[in-house]
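Work through the following exercises with the model open. Each task is followed by a solution in steps.

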Amino acid sequence: MFRNLILCSFLFLSKGLMAQSPEVKIHSHNDYQQETPFWNAFSAKAASIEVDVFLKNRQLYVAHEEETISTARTLATDYLAPLETIAARYGTERLGFQLMIDSKTEAYTTLKAIDAALQPYLVFLWPNNPDGVRVVISGKRPKPADYGQYPDYIQFDCQNMDNVPSAAWQKIAMISTGFYRLSRWNGKGRFTHKDLERVTAFIAKAKSFEKPVRLWATPDSKTAWKKLYDLGVDYINTDHPQRVRMFFDGLEDCESQLTKKKEVYRPSYDYIQTGKRPKNVILMIGDGMGLAQISAATLSNGGQLSLTQLTDIGFVQTQATDDFTTDSAAGATAYATGVRTNNRAIGVGPNGKPLGNLPQLLSQKGWHTALITTDALTGATPGAFYAHVVDRGEEETMAKQFVENPFTLFAGAGKANFSAKQLERLEENGFEWAASVSEVSQKGQAGRLGLFLAEGALPAKMDGRGNLMPELMEGALRYLKSKKKPFFMLMENGMVDSFGHANHTQGIVTEVLDFDACIAQALRFADGNNETLVIVTADHETGGFSLPQGHMEQGYIQGDFTTHDHTGIMVPIFAYGPGAEHFKGVCRNNQVFDKILEALEIEP
Ligand SMILES: [Zn+2]
């Protein structure tokens, strides 16, 4: 599902601290030391490739010093011959990078040899070819006063802005310096203010000559690449061009900015004084919502959510019986049935035998039960609360089993998964249809109610879902209240997980915030009667999400991900209302089921 979600996501991104043009330019430092020289940098679309050359016996060897010379490796074999291949195979437009030749031997003789070596390749060089490679000489260079003697296709690196004769500036391609001259920063955390001033001043001075800036010997970390890029360093110096390319290519999806803070509901905690027992239970599952997902939404929102007002907090171990890292099927089955099971299993134990679940158990005791999800009703998380299949892929069987569900109210997506006959059968079983969310709270007190939110998938919050889910939550609670009997509700947001799989920070933040608005509805309802237990947790974490950087005042989050799959990290559980204290501490996922029954003083 997440593939559809991200297509229109850029529409809702607001800029600010977020990555913006110009596109990052990668400088492949000492490229000849790469395992695959030149081609590794070329395939990473490096804008600048650095090669050291050593002149010996009239040959330009690719080497830092004499001892490391390999006679098979010359400037021509490793860096000039490939130009011909590129032009033939990929077209000359792919030649638009800079070849920085760092001369290790005497300036004038070495440059003479370089010029001679370039002769067979002039057709591939700028400015002869407007798309062509820009040759820039660094290291041992002639005096700037002599630059004018060299042909157009040879330009120079400038490492001292203060003694350049004005005529020489037009031969200068960029301005460079060793990072250690400006700062001793190691690329972790941030610059000291003093160092930041020095680096900023250097960049500003270089830009005053309208030349791009390169710093060498910079820290080679994600934090450093991003920081130097943000400061305006044009060439990001690295020994890992592929990693830098991947980092910057993925950066837009990793960033999120919240421009308008969301309202936070502050619960009354009156239930503590009234001393009532829980009569209703609202179990809310943010699929894939780990601590980092909650943190991202909280810190975007100025440090608070409605969820973070809760004080009875614990952690849940999510492991499946046959896998360290659970999926939603096994995760939700543990919550619904109190039994840990295999991945992909829904409502059955590791032996494949059907298990009783909370809605069944409570409806037999005369409770009303409700199921609300952003996901398809035959999705794994909702499925665990009514179905029994060994493999979550058996959605047809799940649709069949759904027809005999115990719910008084359901609302979810994926209408297309049900046949006309199954829909008829639901009507025979007493279901009336709500045509819209607003109809949910208006429907009469008798009978059962169903609402399909979409034929297929529901749009994501950032793709125009609006306030559908919080409004649905409000309407559903009003509907259940009108029944005047205890109820159990399972409410799921399935899209925190989708955006975790897609490694998309803005998607995660917007879905957690939308889920938090649903949580606020549940808390408001609980405060209205002081006999509703609200439990908020996740089935697992998704994405290996972390928050390397951000800016609270600007609502900016820079996320990072270690996987496109779920992870085995513990997930938080929050509770509010009578019985909330049962959920403190650390437990396994199936024990949440036991705690719910303990809070209700019901024997399983
Ligand atoms: Zn998932």
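**Exercise 1.** Locate Lys 262 and determine whether Lys 262 is buried, partly exposed or exposed.

Solution. Step 1: Lys 262 sits in the loop that joins strand 10 (255–257) to helix 8 (271–274). Helices (H or I, at least four residues) and strands (E, at least two) are DSSP runs, numbered from the N terminus. Step 2: the relative accessible area of Lys 262 is 42%, so Lys 262 is partly exposed. Buried means under 20% relative accessible area, exposed over 50%, and partly exposed in between (1.4 Å probe, protein chains only). Step 3: not counting residues up to four places away in sequence, Lys 262 touches Asn 301 and Leu 513. Contact here means heavy atoms within 4.5 Å. Step 4: Asp 516 is 254 residues from Lys 262 along the chain, yet their C-alpha atoms are separated by 9.4 Å.

The model is predicted: local features need pLDDT of at least 70, side-chain atom pairs count only at pLDDT 80 or more, and totals for chains, interfaces and linings use all residues. Residues are numbered from 1 along each chain as its sequence is written, and side-chain values use heavy atoms, with hydrogens and water left out.

**Exercise 2.** Describe how helix 9 and helix 18 are arranged relative to each other.

Solution. Step 1: two packed helices are described by the angle between their axes and the distance between the axes. Step 2: for helix 9 (residues 291–300) and helix 18 (residues 505–529), the axes come within 9 Å and cross at roughly 80 degrees. Axes are lines fitted to C-alpha atoms, for helices over the stretch in contact, and angles run from 0 to 180 degrees between N-to-C directions. Step 3: helix 9 and helix 18 are therefore roughly perpendicular to each other. The classes are under 35 degrees for roughly parallel, over 145 for roughly antiparallel, 65 to 115 for roughly perpendicular, and oblique for the rest. Step 4: helix 9 contributes Gln 293, Ile 294, Ala 296, Ala 297 and Ser 300 to the contact, and helix 18 contributes Ile 508, Val 509, Val 512 and Leu 513.

**Exercise 3.** Where does the backbone take a positive phi, and where is a peptide bond cis?

Solution. Step 1: most residues other than glycine have a negative phi, and most peptide bonds are trans. Step 2: Ala 217, in the loop between strand 8 (213–216) and helix 6 (222–231), has a positive phi of about 60 degrees. At 40% relative accessibility, Ala 217 counts as partly exposed. Step 3: Tyr 269 also has a positive phi of about 60 degrees, and lies in the loop between strand 10 and helix 8. With a relative accessible area of 18%, Tyr 269 is buried. Step 5: the cis bond runs from Trp 126 to Pro 127, with omega near 0 degrees. Pro 127 is in the loop between helix 4 and strand 5.

**Exercise 4.** How many residues of helix 19 are buried?

Solution. Step 1: helix 19 covers residues 589–600, and nine of its twelve residues are buried. Step 2: among them are Val 592, Phe 593, Ile 596, Leu 597 and Leu 600. Step 3: for the whole protein, 58% of the 604 residues count as buried.
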